[in-house]
Amino acid sequence: MADPIRWARYHWQHLVSAEGRDGTNSSSNSSDKCYQSTKTTGKHRIVIPCLGHFKEEYEKVSKLYMNNRIRTTKYTLLNFIPRNLFEQFHRAANLYFLFLVVLNWVPLVEAFQKEITMLPLVVVLTIIAVKDGLEDYSKYKLDKQINNLLTKVYSRKEKKYIDQCWKDVNVGDFIRLSCNEIIPADMVLLYSTDPDGICHIETAGLDGETNLKQRQVVRGFAEQVSEIDPEKFSSRIECESPNNDLSRFRGYVEHSNKERVGLSKENLLMRGCTIRNTEAVVGIVVYAGHETKAMLNNSGPRYKRSKLERRLNTDILWCVLLLILMCLIGALGHGLWLSSYSEMPFFNIPEPDGKSTPPALAGFYMFWTMIILLQVLIPISLYVSIEIVKLGQIYLIQNDIDFYHEKMDSTIQCRALNIAEDLGQIQYIFSDKTGTLTENKMVFRRCSIAGHEYCHEENTKRLESYQEADLEGEDLADALCSSLSLMPKQKEHSCRTANEPLNSKSSNQAAAGCSASEGEDGASDIPRSRHVAFSSPIETDVVPDTQLLEKFNQISFNSFEQSEETDREQSLETMYITDFFLALAICNTVVVSSPNQPRQKMRLAPLGRIPIKSLEEIKQMFQRLSVRRLSTSPLPSAKESSFSESSNTFVGKLSIFRVKLASPAAEVVTQMANVPQTADRQQSPKVPPPGEQDAVDVAAGSKTCDPGPYLEQCPITILHYEAESPDEAALVYAARAYKCTLQTRTPDQVTVDLGALGSLTFQLLHILPFDSVRKRMSVVVRHPLSNKVVIYTKGADSVIMDLCSVPTDVHSSKMKQKKIKARTQKHLDDYARRGLRTLCIAKRVMSDEEYAEWLNSHFLAETSIDNREELLLESATRLETKLTLLGATGIEDRLQEGVPDTIEALRKAGIKIWMLTGDKKETAVNIAYACRLLEPDDKVFTLKSQNKDACALLMNSILEAIQKSIDAKNSHCPKLASASPGTSTPPTEFSAGLVIDGKTLEYALHENLQNNFLELTEKCRAVVCCRATPLQKSEVVRLVRNNLKVMTLAVGDGANDVSMIQMADTGVGVSGQEGMQAYVNLLFWYQFFCGFSGTSMTDYWILIFFNLLFTSVPPIIYGILDKDVSAEVLMQLPQLYVTGQNSMAYSPLTFWITLLDAFYQSMVCFFVPYFAYCGSDIDIFSFGNPLNIAALFIILLHLLIESKTLTWIHVTVVVGSILFYFVFALTFGAACKTCNPPSNPYWIMQKHMTDPVFFLVCVLATCIALMPRYLFRVLQGTLFPSPILRAKHLDRLTPEEQREAIKQWKDVCVVAHRVDFQGTSLCSSSVEDAASEKRQHQHVRHVASA
Amino acid sequence: MTSKSREDAQHPPSRCPDNSAFKQQKLSAWQPELTPASVLSGFILIGVFCLTMGVCLILSARSVKEVQINYSDKCLNCSKLRENSSNWNTECLCSADFKLEEKIQGDVFMYYSLQNFYQNHRRYVMSRSNAQLLGRNTDIRNSNCAPFSTYRNGTPMAPCGAIANSMFNDTISLFYYTNLSTAIQVPLLKTGNSWWTDKYVKFHNPTSHNLTSAFAGTARPPYWQKPAYLLDEENERNNGYINDDFIIWMRVSAFHTFRNLHRRLSRTEQFADGLPAGNYTFHIFYNFPVSRFKGKKYLILSTVVWCGGSSLFLGIAYTVSGAVVMLAGFIITAIHLKLKKRKTYFQR
């Protein structure tokens, strides 16, 4: 029933939102039109600048395109009422009530006054409408905020860039953006201040990846020296129609001379991204507003139907069936009753013409009358109650202090109202890796050079000290990083429906003030955190390994040329080390920038070095300060004693001094930035002028050796590296720690400051970028000293090892190389076991001839049009052979604090976890191990294939393998398995992990293979999807959710999400509503005694108010406040979560149990008064009164029985409800002489208040009605306590007792677990059985809401 | 940077939720734990209460004296006569004799009881005009009275509606045989039987200088033999809409078998203590037809006690539930004692 409605709703939303976007601006038209227009131009879009001679054509073409205004709201002021009503009437229950209202207007079947049936519907509709309105209004405000963001758009009138709102940006506009500004619309990059025509963007707002991406100015424009003049831009752009593919953009620029230049993804700046490291860019808008890739990728707020709501719908379906059954009984009964009279009795009123309706027809009418009469069986107020309960729960969640992030000053935000209650029932978690599981801080941990391992123990110590600092909360930079990771992202967030621009909003606002105001910008720390992306001290400050540093320093003092040429044993190693660090520094695509000057890339003219006066002063000061120690001791000893007491005091002094020092230095730099001519030649102060080299080296050396956070204040660390992936940056920082500092990087050259050797500038010949096929990257440089072509390669160990050939020239080195390889491999294995990301570093020296030959072929490959990719790949492969292995590195992507524990807890709670990540496979798997998603004993299957058929085959074989393993396990202990028959636990403890990559995932998600894939994944304990695109991620989630019919949770970034899930176990159900059914049944029972004539023995106002007022508040309060177990106990016993999760499995049963109970209660509630008053002179409405009161008591006391906690609020509400009812009934009974015919309640209540029989009846009915349930609860509570009850019991203990008890409990579980693992599922299964048996009862509450 | 964080510390963060008990869901709560002790005491208490109540109720109910005479059977000829509606105008007098073995002490109430008369039929219940009964001058054609609102010629019925139309109209008098031949009429009160609020608040005659003129322009309901203002010719204040018999009839009964209070014993002379034992006879002008709907008519003489009439249901129900609750309590005690030896059921 629910699905077609959802479908209709979805389509309607689409339709309406498409309509809604137009009409605000002349240039924005309905999407239908837009697509029509694109059809006429052959699925392409032509973009013409809105300037000059194109004007007419522009207007013709571009008016069909949307402008940049976005509207994510559903309603406008005008259409709110009709549309909201329309939406609301998609809810089956509302339609049903509308139908009832209409039905009641048919005179023949009319049961109540016409108006009265409308009341509940109107109330419900109003409440929901107000809620929807408020929700939409907040969206509207957000949209407005985004639409009114300012950006610089070229104005034809004023001939310059003027500030304009985002919403006024049109396709064809020229936009000029500065550093750190957010891109307002998809545009083609036409100019960048970067002389190489490069611009960096950060796409975190779009795909969640925090690394920088490079974009290139369109070919032909990059060569321009001055900024592009929009007036002179006479080309037209043709590109694809808007689509949601983030990784594709095709088109071309057609110049006025008909020359075409191709456009690719590399030229497109996408909405929502942020410009980084580039002073300014200019682009022309090609897609705007809802047609941008970002907006198209954001499929809009999906209507998330909560599980409870879904089940509610099925339960309501049952209720409808029940209702129909009851109405049929009524109709039939009435017909039979009528036909039993041979002539018309005078209590049966004839028609106006004096005849009576034939029994069959009367029965038919009666059917409809009964539907109206018994309408309350489908509790309309239930939806309202649930809605309100959710609001309350969300209020509590949002106010939970445990979700408060101190550093960010932010609390949890719930954006979708309707799924809060599902949190307690999550079965699958889909998690992103970077920033969610990990801190996304790559930390250099270990390296192995030339077969010798350097384990960097000092560095490890440093990291530990950071952890402490973390805890103390003093490390602001770290806080910033975590705040960064806390930013909501473009992912399926559990509690959000908001769209993408929301995320960029906050960052953009603050981003306006760029680097200069950075310091003052304390309130919004997000933009600041951008500057330090990948550069928190924890990542940047690598403490060098003592041994390695010693060795490395040796070469520094040696003549470099000498070591290059000789083959001596000792210098071979130093050569290796040097090369290793050079590779670390060079072999990457890192962008060098200074945080004080993010607009300006650090550039270095080959020769000219200007000594700066202030710099000299700085050095002199340094010398003066440090002369006491440093002049006497050589460098190594200084380092050795750096931990000594005296050194510490020295360092302390130095650090104080440096704080003072930092500002003039920064000033100098800024001053220089202001002079454009010198900017290019500008140099950071740490590059020493020749002649003063030694002194600075000494100073710098001592600084490098300083452990701890002082380092960051050191002028030498002014440089920041921003890389495409954080581990690249980590390697560069590691190299820097050894004074092999990457200083500048331009497309043609790289400058590395090699400690004592001074700066070396490498001519950059080629970069062979990383790709997932080769799994490696290489740079080809010309070594400035040897003048040879050197290739540095960095990549996954699996590939590099194979490519490392054994040099043929000298025998001894061959042996050596072999040995190195073996050793390195050993180290690599060790790193992998430690969960480190491993990389191999290799190099190759080429002769000029070889290089020239390769270059030739490479050029051919580059210029070829057909299968260019393959040729390039082949060319790269040809280059990357005969490598000499230098060493390997181990980098740690630090897990977020507590992640392994959380994951373990989640698994104990029976939740399956999938990790979906865009990372490469090795990384993903490493992290999976590190966060204990995969255990070392797990059998990990890798699903990777090149086409669909292979994928299918592979899946089948894996399935077989798993099955075999399971069988094997079973056959190991067949006795034990048979000894525990009927255990619900299959040997799931056989743990398999599945790793699948993005390409294969695409095949697996194909319709034919879906089921196979799901079957496979169900057997696996953990699934890791690597290299998955955002769209794929959401597809995976959808697939699992729809096909396995389970609760899923997708976690984007956010350190606190995990604990939220556990917290949610304090989750709540809505209960007590079945009392209403009982109440409705009362009416039904009465029909047996009134000839099935549809009489109501209750005043219908009371009937209606009964649901709306008297019995609605207590369930809501219970729904909001009830919790079974305290959060503290829950956190310690995640197993308890399983009970919530499995609510689904038992719900049909509980529903019927509840229904039976309601049936019983209604019978008691009716028949006790019936027999008590039978044959007496009681009138109809006096008879109804005790029924109402008894029903009220039954409902409220039922709640008391079912509720787990009672606070003063509960008591107040219950007592208040009862008092309210009495006051209402008394007032009503006193005030109303003639109202409400026929059920005039005048003085009935008053009369009853003095009648002992009335009270006796009420008490008796209440007691008998509640006795079975109470008895059941008593037996359950005392004899067979469920885990939840037992946990509840723990709450009552003193803290010491509690700790003891929890420990005991855990022990039992651990034992059970271990035993189970060995194959004896006896122990645990018995525990589980007992638990599961009780689960059904546990969730009566949930179903009670039906 | 560090100074910044210190600043932050000085200014308490604004968005931090209050650490109040309510918002943090840490309200001190009483968790109704179902421990054996609390449960058992509860059960015993409830059981004792119910048992006592039940015994009291049974005792009280048994003290009620009641005489019930089925006079639709005793007056078969009249019943037959009324079966044919064309004889509606024919008078039919019948008498029903009965004997009181012992005297009925105290206030004695006379009820008539109808069986299978579905006064609670939905459309029957609605067929009245409260406004008209309040004496207001309303247009009853808009009320629920149809089809008993007006005659064909447009004359409105007073009172209108099916309830009023079908009013019980047997005239009953009770005679006491002081000896075998002489019978004296037992004095019965016609008034004071209805709810006070009905008589003085909900029902009013139309205001006029006299009752006849007040009902001028209206006609009696079709089944009535005399107009509303002649319901009680002896007592002006028990006439028209405020006639007690009428008011009682208009309070429609909850079930298809019901009794309505008709008369009270006027405790004067030899009836000052109640009804003495002896022979009695009811003289009935049999007007109200019941055989058409397979109904029966009874006359009931009864006393009342604090807990209502002679029905034993409440007493028995209380006694039984009390017994069951006690039993459940004992069973739980037994189970608990047995389990207590195991002593592990909370820590297994």
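Student: What do the buried residues of H4(B) pack against?
Tutor: In this predicted model, they pack against helix H3 (71-74) and strand S2 (93-100) of chain B.

Student: Which residues of H4(B) are buried?
Tutor: Helix H4 of chain B covers residues 76-83, and its buried residues are Cys78(B), Ser79(B) and Arg82(B). Seen down the helix axis, they fall within an arc of 105°, so they line one face of H4(B).

Student: Why would residues three or four places apart point the same way?
Tutor: An α-helix has 3.6 residues a turn, so they do.

Student: And what sits on the face of H4(B) turned away from the buried side?
Tutor: Asn77(B) and Lys80(B), both exposed.

Student: Switching to chain A. At what angle do H39(A) and H45(A) pack?
Tutor: About 155°, with the axes 12 Å apart. H39 spans residues 1100-1110 and H45 residues 1208-1231. The two helices are therefore roughly antiparallel.

Student: Is that crossing left-handed or right-handed?
Tutor: The crossing of H39(A) and H45(A) is right-handed.

Student: Which residues make the contact?
Tutor: From H39(A): Trp1101(A), Ile1102(A), Phe1105(A), Phe1106(A), Leu1109(A) and Phe1110(A). From H45(A): Ser1217(A), Phe1220(A), Tyr1221(A), Phe1224(A) and Phe1228(A).

Student: Zooming out, how many helices and strands does chain A have?
Tutor: 51 helices and 31 strands. Of its 1346 residues, 61% count as buried.

Student: What about the accessible surface of chain A?
Tutor: That comes to about 52,400 Å², with 58% belonging to carbon and sulfur atoms.

How values were computed
Residues numbered from 1 in each chain as written. Chains lettered and ligands numbered in written order. Predicted model: local features only at pLDDT ≥ 70, side-chain atom pairs only at ≥ 80, totals over all residues. Heavy atoms only, no water. Helix = DSSP H or I, 4+ residues; strand = E, 2+ residues; numbered from the N terminus. Buried < 20%, exposed > 50% of the residue type's maximum accessible area, 1.4 Å probe, protein only. Areas by Shrake-Rupley, 256 points an atom, 1.4 Å probe, with all protein chains shown as cover. Arc of directions from axis to C-beta. Contact = heavy atoms within 4.5 Å. Axes fitted to C-alpha atoms, helices over the stretch in contact; angles between N-to-C directions. Parallel < 35°, antiparallel > 145°, perpendicular 65-115°, else oblique. Left-handed = near helix turned anticlockwise from the far one by under 90°.
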